[in-house]
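Visitor: Before I look at the model, could you show me how to read a helix and a pair of rings?
Guide: Gladly; let us bring it up and take these in turn.

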Amino acid sequence: MAATYDFPSDLLAGQEELHQVRAELSALLKRLPWSVEPRDGFSDDNGWRKVERPASPGWSADEQAEVEKLRRRERELAVFVSTHRYWSEVMGPDRVRGRAELKRTPGTPPGAAGEAAPGQGP
């Protein structure tokens with residue numbers, strides 16, 4: 001029988017925010033030009049597959065700041081989730097399975113909607 005995990009609400013909230021931040025960062029990076037700095041376009045068909053890129057105007061200072069802000073928050077949340085005190089209570093293979101289960105747990109627990117996210121004051 002598979003183990004069940006009673007994740008604390010702050011751990012669930014942290015994981016949910018981590019999912020949200022990663023989705024937001026991914027969507028932002030897909031919208032931005034391929035190069036941070038302005039670059040000419042190019043075409044290269046000498047490799048095992050053809051690679052083409054249009055000219056890139058680069059990212060604005062605001063876009064660079066937004067990417068950095070999201071990456072910083074992603075790192076903070078990843079550290080929070082992976083070093084949470086809950087993991088000291090789970091041993092061996094159950095810890096690995098628990099971490100995998102946490103990643104698949106959608107949403108936050110009932111009643112946790114009003115709680116502040118980890119690192120975000122009241």
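**Reading a helix and its rings**

Guide: In this predicted model, helix H2 covers residues 61–82, and its 22 residues reach 31 Å from the first C-alpha to the last, close to the 32 Å expected at 1.5 Å a residue.

Visitor: Which residues of H2 are buried?

Guide: They are Val67, Leu70, Arg73, Leu77 and Val81. Seen down the axis of H2, these buried residues fall within an arc of 130 degrees, so they line one face of the helix. Their cover includes helix H1 (9–31) and helix H3 (92–104).

Visitor: What describes a pair of aromatic rings?

Guide: The distance of the centres and the angle of the planes describe such a pair. A search of the whole structure finds 5 aromatic pairs. One of them, Trp34 with Phe42, is edge-to-face, at 5.7 Å centre to centre and with 80 degrees between the planes. The rings of Tyr86 and Trp87 have centres 5.1 Å apart and planes at 75 degrees, so this pair is edge-to-face.

Visitor: Are the residues of these pairs buried or partly exposed?

Guide: Trp34 is partly exposed, with a relative accessible area of 36%, and Phe42 counts as partly exposed at 37%. Tyr86, by contrast, is buried at 8%, and Trp87 is buried at 3%.

Visitor: What else involves Trp87?

Guide: Trp87 forms one aromatic cluster with Tyr5, Phe7 and Tyr86, while the charged end of Arg99 sits over the ring of Trp87, 4.8 Å from its centre.

Notes:
Residues numbered from 1 in each chain as written. Predicted model: local features only at pLDDT ≥ 70, side-chain atom pairs only at ≥ 80, totals over all residues. Heavy atoms only, no water. Helix = DSSP H or I, 4+ residues; strand = E, 2+ residues; numbered from the N terminus. Expected span 1.5 Å × (residues − 1). Buried < 20%, exposed > 50% of the residue type's maximum accessible area, 1.4 Å probe, protein only. Arc of directions from axis to C-beta. Contact = heavy atoms within 4.5 Å. Phe/Tyr/Trp six-rings, centres within 6.5 Å; stacked < 30°, edge-to-face > 60°. Lys NZ or Arg CZ within 6 Å of the ring centre and 35° of its normal.
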